[in-house]
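This report is a guided reading of one protein model for a student new to the subject. Please keep the sequence and the structure in view while reading.

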Amino acid sequence: MKVDCFLNHQLDIGFLMEMGKEICELFKDAGVNKILTIETSGIPIAFAAAHYMNVPVVFAKKNKSENISPDSFRSTVTSYTRKNVYDAIVSREFLHSDDNVLIIDDFLAMGNAINGLIDIIGEAGATLAGCAIAIEKGFQGGGDSFRAKGYQLESLAIVEKLDAENNV
């Protein structure tokens, strides 16, 4: 599914800001005080939502770097799209037990990235307010599994069927 014209190669700022406004509306009563996403394509959506919600954005890094404290929360994530395994890393200084966190991500397939972020939120003792997804691949079941667990998960678009052979 190609979204490179507005999300993961070129950014359509007006469209992203509208997405952020819609996410803000969907979670306006959830008491969110922090947004958590994972690098890279989730950041612009999280930024737009944070603008309207007036809360900070924290993003999990996928690779250890010298500027991340060794005192960090970590969760191992298997990427469905890239077919690799990585650690999602968040410095302890940015996530606390009094945070009510909204997870935002670009795509939801099986839910591996969201599970990793939920693990980090739990490790921090914070509360999960819900999850906002730009595009859910409904045919892969990740969204249904989170909703069945009682999480508020809102997707701006749900793709029910994808025929890659015919580009439909």
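The sections below take up the model and its confidence, the sheet, the salt bridges and the aromatic rings.

## The model and its confidence

The model is predicted: local features need pLDDT of at least 70, side-chain atom pairs count only at pLDDT 80 or more, and totals for chains, interfaces and linings use all residues. Residues are numbered from 1 along each chain as its sequence is written, and side-chain values use heavy atoms, with hydrogens and water left out.

The predictor's confidence in each residue is called pLDDT and runs from 0 to 100. For this protein the mean pLDDT is 90, and 92% of the residues reach 70 or more. Confidence is highest in strand 1, at a mean of 97, and lowest in strand 3 (residues 72-79), at 89. Where pLDDT is low, predicted coordinates should not be read in detail.

## The sheet

Helices (H or I, at least four residues) and strands (E, at least two) are DSSP runs, numbered from the N terminus. Two strands pair if DSSP finds at least two bridges between them. Five strands form an open sheet in the order 2-1-5-6-7, with parallel pairing. Strand 2 (57-60) and strand 7 (153-159) stand at the edges; each has a single partner strand, so one side of each is left without a neighbour in the sheet. From one strand to the next, the twist averages 20°; axes here are lines fitted to C-alpha atoms, for helices over the stretch in contact, and angles run from 0 to 180 degrees between N-to-C directions.

Strand 5 pairs with strand 6 (residues 127-137) in the parallel sense over eight bridges. Isoleucine 104 has alanine 132, in strand 6, as its bridge partner. Leucine 156 belongs to strand 7. The C-alpha atoms of leucine 156 and alanine 134 are 5.0 Å apart in space, although the two residues are 22 apart in sequence.

## Salt bridges

Side chains of opposite charge can pair when their charged atoms come close. A salt bridge is counted when a side-chain nitrogen of Lys or Arg is within 4 Å of a carboxyl oxygen of Asp or Glu. By this rule there are eight salt bridges. Where a residue lies is described by its relative accessible area: buried means under 20%, exposed over 50%, and partly exposed in between (1.4 Å probe, protein chains only).

One of the salt bridges joins glutamate 18 and lysine 21, at 3.5 Å from N to O. These two residues are three apart in helix 1 (residues 13-26), and are therefore separated by about one helical turn. Glutamate 18 is partly exposed at 45%, and lysine 21 is partly exposed at 39%. Another salt bridge links aspartate 99 with lysine 34, whose closest N and O atoms are 3.1 Å apart. Aspartate 99 lies in the loop between strand 4 (84-91) and strand 5 (100-108), and lysine 34 in strand 1 (residues 34-38), so the pair ties together parts that are 65 residues apart in sequence. Both aspartate 99 and lysine 34 are buried.

A further salt bridge brings together arginine 147 and aspartate 144, at 3.7 Å from N to O. Both residues lie in helix 4 (residues 142-148), three residues apart, which is about one turn of the helix. Arginine 147 is partly exposed at 30%, as is aspartate 144 at 48%. Elsewhere, salt bridges that share partners join Asp71, Arg92 and Glu123 into one network.

## Aromatic rings and nearby charges

Rings of Phe, Tyr and Trp (its six-membered ring) pair if their centres lie within 6.5 Å; planes under 30 degrees apart count as stacked, over 60 as edge-to-face and the rest as tilted. The structure holds one aromatic pair. The rings of phenylalanine 146 and tyrosine 151 have centres 6.1 Å apart and planes at 50°, so this pair is tilted. Phenylalanine 146 is buried at 0% relative accessibility, whereas tyrosine 151 is partly exposed at 29%.

A charge sits over a ring if NZ of Lys or CZ of Arg is within 6 Å of the ring centre and within 35 degrees of the ring normal. The charged end of lysine 62 sits over the ring of tyrosine 86, 5.2 Å from the ring's centre. Lysine 62 is placed in the loop between strand 2 and strand 3 and is partly exposed at 25%. Lysine 137 lies over the face of phenylalanine 107, at 5.3 Å from the ring centre.
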